[in-house]
Amino acid sequence: QLQLVESGGGLVQPGTSLRLSCAVSGGTVSDVSMAWFRQAPGKEREFVADMSKITGDTWYDDSVKGRFTISRDHAKNTAYLQMIRLKPEDTAVYYCAAERTGWRTYRYWGQGTQVTVSS
């Protein structure tokens with residue numbers, strides 16, 4: 001049973017950067033596929049990025065491609081979402097997820113961390 005704990009959210013100005021962390025326990029970050037989703041107020045949760053378990057291949061939603069990067073650190077057993085050139089429309093609760101069970105569906109979820117982009 002994996003546990004995922006996100007951190008690193010906050011209030012930032014447009015155009016700045018932020019890095020979210022997802023600490024994994026009860027398992028190894030390199031043994032599972034990892035993903036990030038987000039949910040803005042009044043909207044459904046949406047896919048942001050994911051990384052395959054074996055090859056480490058990554059995929060991104062078009063809205064974040066070129067600005068967000070998903071990665072993992074085996075030594076720290078942590079996944080990351082590096083976000084640059086943040087926009088107000090990136091404001092959302094960001095969730096870490098692990099172990100893909102189907103198309104953009106995952107078995108384990110973190111509690112979420114709030115990211116607010118505002119001047």
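Author: Apart from residues within four places in sequence, Arg-67 is in contact with Gln-82, Met-83, Ile-84, Arg-85, Leu-86, Lys-87 and Asp-90, where contact means heavy atoms within 4.5 Å. This is a predicted model, in which local features need pLDDT of at least 70 and side-chain atom pairs count only at pLDDT 80 or more, while totals for chains, interfaces and linings use all residues. Residues are numbered from 1 along each chain as its sequence is written, and side-chain values use heavy atoms, with hydrogens and water left out.

Arg-67 belongs to the loop between β6 (58–60) and β7 (68–73); strands here are DSSP runs of E with at least two residues, helices are runs of H or I with at least four, and both are numbered from the N terminus. With a relative accessibility of 6%, Arg-67 counts as buried, a term for under 20% relative accessible area, with exposed for over 50% and partly exposed in between (1.4 Å probe, protein chains only). The side chain of Arg-67 makes a polar contact of 2.8 Å with the side chain of Asp-90. A polar atom of the Arg-67 side chain also lies 2.9 Å from the backbone oxygen of Ser-63. A polar contact is a pair of N or O atoms within 3.5 Å; within protein, one must be able to donate a hydrogen and the other to accept it, and residues adjacent in sequence count only if both atoms are side-chain atoms.

Arg-85, one of the residues in contact with Arg-67, is placed in the loop between β8 and β9. Its relative accessibility of 47% makes Arg-85 partly exposed. Phi of Arg-85 is near 50°, a positive value in a residue other than glycine. Most residues other than glycine have a negative phi.

Thr-91 is found in the loop between β8 and β9 as well, and at 18% relative accessibility Thr-91 counts as buried. Two backbone atoms lie 2.9 Å from a polar atom of the Thr-91 side chain: the oxygen of Pro-88 and the nitrogen of Val-117. Beyond four places in sequence, the residues in contact with Thr-91 are Ala-40, Pro-41, Gln-114, Val-115, Thr-116 and Val-117.

Strands β7 and β8 belong to an open sheet of four strands, in the order β1-β3-β8-β7 with antiparallel pairing; two strands pair if DSSP finds at least two bridges between them. The edges are taken by β1 (3–7) and β7, each with a single partner strand, so one side of each has no neighbour in the sheet. From one strand to the next the twist averages 20°, with axes fitted as lines to C-alpha atoms (for helices over the stretch in contact) and angles running from 0 to 180 degrees between N-to-C directions. Inside the sheet, six bridges join the antiparallel strands β3 (residues 18–25) and β8 (residues 78–83). Ala-23 has Thr-78 of β8 as its bridge partner.

At 28% relative accessibility, Arg-104 is partly exposed. Outside four places in sequence, Arg-104 is in contact with Phe-37, Phe-47 and Asp-50.

Rings of Phe, Tyr and Trp (its six-membered ring) pair if their centres lie within 6.5 Å; planes under 30 degrees apart are stacked, over 60 edge-to-face and the rest tilted. By this rule there are three aromatic pairs. Among them, Phe-37 and Tyr-106 are edge-to-face, at 5.8 Å centre to centre and 75° between the planes. Phe-37 lies in strand β4 (residues 34–39) and Tyr-106 in strand β10 (residues 105–109), so the pair ties together parts 69 residues apart in sequence. Phe-37 is buried at 5% relative accessible area, and Tyr-106 is buried at 7%.

The charged end of Arg-45 sits over the ring of Trp-109, 3.8 Å from its centre. Arg-45 also lies over the face of Tyr-95, at 5.8 Å from the ring centre. A charge sits over a ring if NZ of Lys or CZ of Arg is within 6 Å of the ring centre and within 35 degrees of the ring normal.
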